[in-house]
Amino acid sequence: MKVTTDACIFGALLAESSQLRQSQSILDIGAGTGLLSLMAAQNCHAKITAVELDQEASQQAVSNFADSPWADQFQLVNSAIQTFSANNTQRFDCVISNPPFFQQSFKGDDHRRNMARHTDSLSFTDLAKAVCKHLADNGEAWILLPVESTKHFLGAAALEGLVLLKQIGLRSSSHHSNHRYVLVLRHLNPKEPQETQGETITIYDQTPHYTEQTRQLMSPYYLAL
């Protein structure tokens, strides 16, 4: 199962959240081969609905779920989230997504890689609409995006009545700018203050040596760091 460091850190941050640990239901939008769903299942007893468009990735996710100690927590839906949403009204305590993120970028010859990395198959508007529809009133949505895509997505989210609770920057080293944001959103509640918490995680002291913060985050999921 191919994974990225950013996705692993995202999953580890999600797993630490009280919202996830208390959740009874989770929706994973664009689940891929199931990394985030597996990390979530390791830390809660929620029923997890993983929606993935690509058939090959879906088959790999089913295999990964079946081989895990938490197999009874998963339901895999091989579908576009737009199709799932049009035929489903269920709301979830937590919605998670590491979505396609490139817009109007050069594409290579690998169709499956393009679909996983470009927003043609899932626009930020469609993602925001799906999150809004399926997120429970007191739920949280956790989204991982490149810095350059964040403003566009947050604009779409605001139009759907979603507000930003927390923004966690990921940077390669103390000499680099943030390259990813972990965004935590909820439904707008006019009776509650709309303050956004911010923090930054530095991944490496010096490549390939992880910072102590990164090692602590990821140690539950790696045999060695």
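Predicted model: local features only at pLDDT ≥ 70, side-chain atom pairs only at ≥ 80, totals over all residues.
Which residues is Ile-26 in contact with, leaving aside its neighbours within four places in sequence? The first legend picks that up.

View 1. Residues are numbered from 1 along each chain as its sequence is written, and side-chain values use heavy atoms, with hydrogens and water left out. Leaving aside neighbours within four places in sequence, Ile-26 is in contact (heavy atoms within 4.5 Å) with Leu-20, Ala-40, Cys-44, Ala-46, Lys-47, Ile-48, Thr-49, Phe-92, Cys-94 and Ile-96. Along with Ile-9, Leu-13 and Trp-142, Ile-26 touches the most other members of the 38-residue largest nonpolar core. By nonpolar core we mean buried Ala, Val, Leu, Ile, Met, Phe, Trp, Tyr and Cys residues joined through side-chain atoms within 4.5 Å; buried means under 20% relative accessible area (1.4 Å probe, protein chains only). Helices are DSSP runs of H or I, at least four residues, and strands are E runs of at least two, numbered from the N terminus.

**View 2. Thr-214, tucked into helix 9.** Thr-214 sits in helix 9 (residues 212-218) and is buried, with a relative accessible area of 0%. A polar atom of its side chain lies 3.2 Å from the backbone oxygen of Thr-202. Leaving aside neighbours within four places in sequence, Thr-214 is in contact with Ile-9, Ile-201, Thr-202 and Ile-203.

**View 3. The buried side of helix 8.** Ser-149, Thr-150, Phe-153, Ala-156 and Ala-157 are the buried residues of helix 8 (residues 147-159). They pack against helix 7 (124-134), strand 5 (135-146), strand 6 (162-171) and strand 7 (180-187). After the helix comes Gly-161, with a positive phi near 80°.

**View 4. Aromatic pairs.** The structure holds three aromatic pairs, counted when ring centres of Phe, Tyr or Trp (its six-membered ring) lie within 6.5 Å; planes under 30 degrees apart are stacked, over 60 edge-to-face and the rest tilted. Phe-124 and Phe-153 are edge-to-face, 6.0 Å centre to centre with 70° between the planes. Phe-124 is in helix 7 and Phe-153 in helix 8, so this pair ties together parts 29 residues apart in sequence. Tyr-204 and Tyr-210 have ring centres 5.2 Å apart and planes at 15°, so they are stacked.

How values were computed. Buried < 20%, exposed > 50% of the residue type's maximum accessible area, 1.4 Å probe, protein only. Polar contact = N/O pair within 3.5 Å; in protein donor to acceptor, adjacent residues only side chain to side chain.
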